[in-house]
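Open the model in your viewer and keep the selection tool ready.

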Amino acid sequence: MKAMLLREVVSLKQNEAPLSFTNTSEPQTSEGEVLLHVTRCGVCHTELDEIEGRTPPPQLPVILGHQVVGTLESDSLLSNTQDLAPALQKGQRVGVAWIASACGHCEYCLSGQENLCPEFKATGRDINGGYAEYMKVRADFVYPIPDSISDSEAAPLLCAGAVGYRALKLCNLKDGHSLGLMGFGGSNHIVLKTAKYKYPDSEIFVFSRNPQEREFALSLGAAWAGAIDEVPPQGLGAIIDTTPVWGPISAALKLLKPGGRLVINAIRKEEVDKDVLLKLDYPSQLWMEKEIKSVANVTRADVREFLQLAAEANIKPDYQEFELENANKALLEMKQGKIRGAKVLTI
Ligand SMILES: [Zn+2]
Ligand SMILES: [Zn+2]
């Protein structure tokens with residue numbers, strides 16, 4: 001099968017084409033797993049963190065990609081998994097998200113927080129992902145895709161959308177409270193669409209270094225859009241930061257209203273400007289019960305809930321398609337901040 005393989009952890013500055021296009025053997029499923037014929041795979045900023053070693057894959061080579069859409073190929077093993085996934089049928093359209101598995105019996109798994117499980121395994125990092133024609137996956141970690149959502153639309157919903165949805169839930173926003181979005185790429189543009197549906201009376205303020213992204217935000221209904229260091233006309237009840245650096249955290253803390261919460265939706269931050277943290281000013285950036293919370297991974301419930309919400313509210317991502325062979329180009333554009341909506345590989 002065709003696949004894009006990551007063979008070594010490397011900075012994109014040193015190697016602008018870290019993935020190699022290869023013909024490799026199809027995965028062999030074991031009990032409890034299903035084989036997926038992949039049609040689309042979303043490109044996520046986390047792939048850059050894997051390639052550059054901020055969250056390195058435990059084994060190389062590996063196939064990246066954790067926003068996978070495809071059809072179920074195997075039916076021979078379905079009889080083994082019917083307790084876990086009774087609705088799955090051969091030919092059915094399903095998605096795979098970042099969560100590839102969790103232990104199922106720790107305190108976190110038993111309390112609806114399988115995203116925090118110490119044995120959490122990630123798709124496209126700890127197991128091979130969707131930058132390939134086929135992938136195997138545990139049958140109880142796939143999600144039927146609602147009919148009204150196309151394959152290309154569904155792919156970005158599986159991480160950018162679902163983790164963004166988790167971030168939005170963690171904001172504890174009430175309708176009418178103002179929301180800030182720092183960074184406006186694959187995830188936050190879907191968060192904006194979701195927030196407008198869930199919190200119709202809330203105004204949304206978007207911060208981006210890129211003027212095209214600011215224009216894009218206004219076209220989607222943001223009340224205001226400015227550069228990362230610009231000050232909006234009012235304080236903000238909650239802010240979601242999706243940027244890879246630290247400056248926006250410092251900026252966001254200043255903009256939060258008393259009791260406000262900053263939610264950091266980034267698996268890792270780059271080290272470049274970390275020294276801004278030493279200059280944090282306690283009275284203006286931390287006092288008055290301001291909170292900082294990170295978003296870690298995603299649960300299956302988040303993905304299911306979000307797919308349902310997306311179908312109900314007709315939330316569709318804006319996306320650009322790239323052929324599988326051009327995955328390096330998509331990743332490089334993401335690194336360079338050339339982003340409008342989400343990027344999706346067609347396979
Ligand atoms: Zn992702
Ligand atoms: Zn667990």
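## Pocket tour

Select strand 8 to begin: its five residues are the largest contribution to the lining of the second largest pocket. This is a predicted model, in which local features need pLDDT of at least 70, side-chain atom pairs count only at pLDDT 80 or more, and totals for chains, interfaces and linings use all residues. Residues are numbered from 1 along each chain as its sequence is written, and side-chain values use heavy atoms, with hydrogens and water left out.

A pocket is an open set of points on a 1 Å grid over the protein atoms alone, where a 1.4 Å probe fits, with protein on both sides within 12 Å along at least five of seven lines; lining residues have an atom within 4 Å of a point. Volume is the space filled by probe spheres set on the points, which are joined across faces, edges and corners. Strands (E, at least two residues) and helices (H or I, at least four) are DSSP runs numbered from the N terminus.

Next, select Pro27, Glu33, Ile127, Asn128 and Lys136, the nearest to the centre among the 17 lining residues of the second largest pocket. Strand 6 (99-101) and strand 8 (134-138) each give two or more residues to that lining. The second largest pocket holds about 310 Å³.

Move to the largest pocket, with a volume of about 1000 Å³. Select His45, Thr242, Thr243, Pro244 and Ile339, the closest to its centre of 48 lining residues. Then show helix 1, which gives the largest share of this lining, four residues.

Conventions. Chains lettered and ligands numbered in written order.
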